[in-house]
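Welcome! Take a moment to look over the sequence and the 3D view below, and then we will walk through them together.

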Amino acid sequence: MLRRDLESGVETKDNRALNNSNFNNYSAAPNSYVYDPETHWTSWLVPVFVLANVVVFIVAMYINNCPTKNQGDCVAKFLHRFSFQPLSENPLFGPSSLTLTKMGALKWDSVVNHRQGWRLITCIWLHAGLIHLAANMFSLIFIGIRLEQQFGFVRIGIIYLLSGFGGSVLSSLFIRNNISVGASGALFGLLGAMLSELITNWTIYSNKAAALLTLLVIVVINLAIGILPHIDNFAHIGGFLTGLLLGFILLARPQYGWLEQRHLPAGVRRKSKFKAYQYTLWIVSLVLLVAGLVIASVMLFRGENGYDHCHWCHYLSCVPTSKWKCDDS
């Protein structure tokens, strides 16, 4: 866990006394809410997201009703209508692709030719199988709860949903022949936000080099896994880039000492709430985010193929080897 280095990182007796004095002055002031970088929120949105994903998966299995369509071939038949599709069709222990499509899976033809843009959002709540669901939900709990405790449900909710949308848009630009489901794009968005939060708040952390290296290793490993067949790495990349930019916009922390100076006498020169480089990152990220989402969405609904503009991009999603071949998208 990152440890904040508050200025010099050393608390002296004089500083402690000064802080106590400031606290007494604040308690006497009129009640008004100000952003406190030390505030910790109770995480409730991430657990709700996890519950929603589980409920949607149960509903998908109920609608799938494998025994009525695959007599004798279903997996875990004791679950009756909740039993899984044959492993030859879905090795992740889940419903059929037809059921997922009916419930809102991301499908290029439906989004572009039938104007079902809502699939760009609904697909992030669907999962291909029990293994897929468990992996994503454990990751969401591990990453999301900590972020929500630090920054609150509003900002983390925005990052999660917009990252999922960004991942869906990029996925649709490149993948046309297969459906795509899962919260992976949104999860990569949270990873991207963690990285940009560390960068934009670089001066207040002490063990930042180790934290940065750890985050980069995690991101690289997960993106590398995405080059295997049948994994939608474009959703991962789109979600990560969206979350990275949103982190610069939403997760910047005020300079240490900014809160204390709010009660200084009039005429005393005050610190800016944020550092100059934080403002610069905020502006650049906002421009890139809006431009990127607008341009990609326009390209998508015009029916353009991403490979026409990036001929080598297929290597970002799947690298063919002697062990496997990559399906044409």
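Helices here are DSSP runs of H or I with at least four residues, numbered from the N terminus. Keep in mind throughout that the model is predicted.

**The overall picture**

How many helices and strands does the protein have? Its secondary structure comes to 12 helices and 0 strands. If you trace the chain along the sequence, the pattern you read is α-α-α-α-α-α-α-α-α-α-α-α.

The protein has 329 residues, and buried ones make up 44% of them. Its accessible surface comes to about 17,600 Å², with 66% of that area belonging to carbon and sulfur atoms. Now consider the contacts in the protein with a separation of 6 or more: residues 24 or more positions apart account for 73% of these.

**A helix on the inside**

Let us visit helix H8, which covers residues 184-200 and has 17 residues. From its first C-alpha to its last, H8 reaches 24 Å, close to the 24 Å expected at 1.5 Å a residue. Why can we call H8 largely enclosed by the rest of the structure? The reason is that 16 of the 17 residues of H8 are buried. To count as buried, a residue needs a relative accessible area under 20%.

When you look at any such helix, one rule is handy: an α-helix has 3.6 residues a turn, so residues three or four places apart point the same way.

**Two disulfides**

The structure holds 2 disulfides, and the table sets them out.

| Disulfide | S to S distance | Torsion about the S-S bond | Handedness |
|---|---|---|---|
| Cys66 and Cys74 | 2.0 Å | about -100° | left-handed |
| Cys310 and Cys313 | 1.8 Å | 85° | right-handed |

Another cysteine to find is Cys123, which counts as buried because its relative accessibility is 3%.

**Positive phi in a loop**

Next, let us turn to the backbone. Most residues other than glycine have a negative phi, and most peptide bonds are trans. Against that background, which value does phi of Asn65 take? It is near 50°, a positive value in a residue other than glycine. Asn65 is found in the loop between helix H2 (45-64) and helix H3 (97-103). With a relative accessible area of 14%, Asn65 is buried.

Although Ala76 is not a glycine, its phi is positive, at about 60°.

**A serine in helix H11**

Our last stop is Ser297, which lies in helix H11, residues 276-301. Why does Ser297 count as buried? Its relative accessibility is 17%, and the cut-off for buried is under 20%. Which residues does Ser297 touch, once its neighbours within four places in sequence are left aside? Ser297 is in contact with Phe165 and Val169.

How values were computed
Residues numbered from 1 in each chain as written. Predicted model: local features only at pLDDT ≥ 70, side-chain atom pairs only at ≥ 80, totals over all residues. Heavy atoms only, no water. Helix = DSSP H or I, 4+ residues; strand = E, 2+ residues; numbered from the N terminus. Expected span 1.5 Å × (residues − 1). Buried < 20%, exposed > 50% of the residue type's maximum accessible area, 1.4 Å probe, protein only. Contact = heavy atoms within 4.5 Å. Areas by Shrake-Rupley, 256 points an atom, 1.4 Å probe, with all protein chains shown as cover. Disulfide = S-S within 2.5 Å.
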